Amino acid sequence: MSSHDAHYGGNLVDGARMLGLFGDVATELCIRMDGDEGLFRAYDSVEFLAPVYAGDFIEAEGEIIQTGNTSRKMRFEARKVIRPRPDVNDSAADVLAEPVVVCRASGTCVVPKDKQRGQR
């Protein structure tokens, strides 16, 4: 997360930034499955589990857990894997021994039938 992502005091990043990452993951999943970006319809659940700060490195992943005629139900998780160490110097960072889950969500994307190209 860059300093531009910091939205609140103490360099805290807005949780909506995680949803933006999940949107990117959803787009990739739809392209891989259907050859089309699809449209994000709705989130069913969003859990913000740990704070994210400017300088943190976040990995986001997702999977399609259910498919309908045009709908793709997905599950997402974002993990903090590196944190900055400004106490050491301005460019120091540590890889976390265990990633910290910062956000989980589930939602549904839709790929219109006429845009599906069956990449599966």
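Is C30 buried or exposed? I looked up its relative accessible area: C30 is buried, at 0%. I call a residue buried under 20% relative accessible area, exposed over 50% and partly exposed in between, with a 1.4 Å probe and protein chains only.

Before going on, I noted the ground rules. This is a predicted model, where local features need pLDDT of at least 70, side-chain atom pairs count only at pLDDT 80 or more, and totals for chains, interfaces and linings use all residues. Residues are numbered from 1 along each chain as its sequence is written, and side-chain values use heavy atoms, with hydrogens and water left out.

**Cysteines.** I searched the whole structure for disulfides and found zero. My cut-off for a disulfide was a pair of cysteine sulfur atoms within 2.5 Å. C103 is in no disulfide either, as its nearest cysteine sulfur, in C109, is 15 Å away. I also checked the accessibility of C103: it is buried, at 0%.

**Aromatic rings.** I counted three aromatic pairs. Rings of Phe, Tyr and Trp (its six-membered ring) pair if their centres lie within 6.5 Å. Which residues form the cluster? Ring pairs link F22, F40, Y43 and F76.

**Backbone at N11.** I then turned to N11. Its phi is near 65°, positive although the residue is not glycine. N11 sits in the loop between β1 (6–8) and β2 (12–13). Strands here are DSSP runs of E, at least two residues, numbered from the N terminus. N11 is partly exposed, at 46% relative accessibility.

Technical notes
Helix = DSSP H or I, 4+ residues; strand = E, 2+ residues; numbered from the N terminus. Phe/Tyr/Trp six-rings, centres within 6.5 Å; stacked < 30°, edge-to-face > 60°.
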